Amino acid sequence: MHITNIENNLAKFKSQIPISKFQTNPKSQFPISKNRRGSGHWLFGHLCLFVIWCLVIGVLIGCAQKNELKEAQDYFQQSQTYYQRAVNLYKGLIAKGKDLDRLRFELGQLYYHQGRWIQAIEEFKKTKYLKAQKFLAISYYRLGNFTDALEVFSKQEIPDDEYLYYYGLTCEKLNLFDQALGIYEKIKSQEFVSLVLERINIIEKQA
């Protein structure tokens with residue numbers, strides 16, 4: 001009887017003892033609070049958004065570059081098409097036999113600005129335009145034909161600083177340094193002054 005009463009009292013005592021929070025999860029003695037758990041979710045979410053944003057920006061930049069490249073290629077193709085059309089039109093007008101000096105000069109300039117020096121020379125040689133002599137001489141220089149370039153330059157000195165600059169360069173290529181210095185001294189425009197001073201310094205150091 002006494003033993004039964006003791007067991008009943010012991011069971012009643014145990015039921016009154018509060019269960020510790022640390023005992024609710026036997027796998028962990030350091031439970032994460034709700035605030036810390038929520039903060040972790042917030043950081044992870046923002047990190048994901050940042051990564052997605054970077055990927056989107058990268059894709060957009062890549063697309064923009066591809067679009068710009070395609071646009072540049074289209075313009076290049078169009079320029080080649082327009083160039084060839086212009087050449088064909090000039091040739092057609094020349095075939096009619098009217099205003100040949102002007103037409104050949106302009107066709108020569110078209111070749112010249114495309115870097116087609118041989119074709120440009122052929123057209124410049126066929127025109128009596130004084131301005132054609134400048135482009136003819138420079139075209140010879142561009143081809144590396146300095147002897148023919150000097151011959152054209154020497155025929156008539158044109159008051160044009162670009163003309164004089166290439167005239168001086170041609171003289172240098174043929175080791176006519178004193179003549180080159182004399183030509184360089186005639187150049188006054190700001191566009192060529194720094195280039196001329198550089199050439200003069202080089203010549204003087206070689207002397």
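Mentor: Let's begin with Asn175, which sits in the loop between helix H7 (161-173) and helix H8 (177-184). Helices here are DSSP runs of H or I with at least four residues, strands are runs of E with at least two, and both are numbered from the N terminus. Before going on, keep in mind that this is a predicted model, where local features need pLDDT of at least 70, side-chain atom pairs count only at pLDDT 80 or more, and totals for chains, interfaces and linings use all residues. Residues are numbered from 1 along each chain as its sequence is written, and side-chain values use heavy atoms, with hydrogens and water left out.

The phi of Asn175 is near 65°, a positive value in a residue other than glycine. Asn175 counts as exposed because its relative accessibility is 55%; exposed means over 50% relative accessible area, buried means under 20%, and partly exposed lies in between, with a 1.4 Å probe and protein chains only.

Now step back into helix H7, where you will find Thr170. With a relative accessibility of 0%, Thr170 counts as buried. What surrounds Thr170, leaving aside its neighbours within four places in sequence? Thr170 is in contact with Tyr141, Phe146, Ala149, Leu150 and Phe153, where contact means heavy atoms within 4.5 Å.

Lys134 and Glu162 form one, with their closest N and O atoms 2.8 Å apart. This pair links distant parts of the chain, since Lys134 is in helix H5 (residues 131-143) and Glu162 is in helix H7, 28 residues apart. Lys134 is buried, at 11% relative accessibility, whereas Glu162 is partly exposed, at 25%.

A further salt bridge joins Glu157 to Lys186, with 3.0 Å between the closest N and O atoms. Glu157 lies in the loop between helix H6 (146-155) and H7, and Lys186 in the loop between H8 and helix H9 (190-206), so the pair ties together parts that are 29 residues apart in sequence. Glu157 is partly exposed, with a relative accessible area of 40%, and Lys186 is partly exposed at 42%. In total, the structure holds eight salt bridges.

Asp99 is not a glycine, yet it has a positive phi of about 55°. Its place is in the loop between H2 and helix H3 (100-113), and it is partly exposed, with a relative accessible area of 43%. The side chain of Asp99 meets that of Arg102 in a salt bridge (2.6 Å, N to O). Arg102 is partly exposed too, at 32% relative accessibility. Asp99, Arg102 and Glu106 are linked in a network of salt bridges.

Finally, look at helix H2 (residues 34-95), which contains Leu55. Leu55 is exposed, with a relative accessible area of 57%. Leu55 belongs to a nonpolar surface patch with Leu47, Phe50, Val51, Trp53, Ile57 and Ile61, and together they have about 700 Å² of accessible area. Patches are made of residues with over 30% relative accessible area and no salt bridge; like charges are joined within 9 Å, and nonpolar side chains (Val, Leu, Ile, Met, Phe, Trp, Tyr) within 5 Å. The areas come from the Shrake-Rupley method with a 1.4 Å probe, and for residues only the protein chains shown count as cover.

Notes:
A salt bridge is a side-chain nitrogen of Lys or Arg within 4 Å of a carboxyl oxygen of Asp or Glu.
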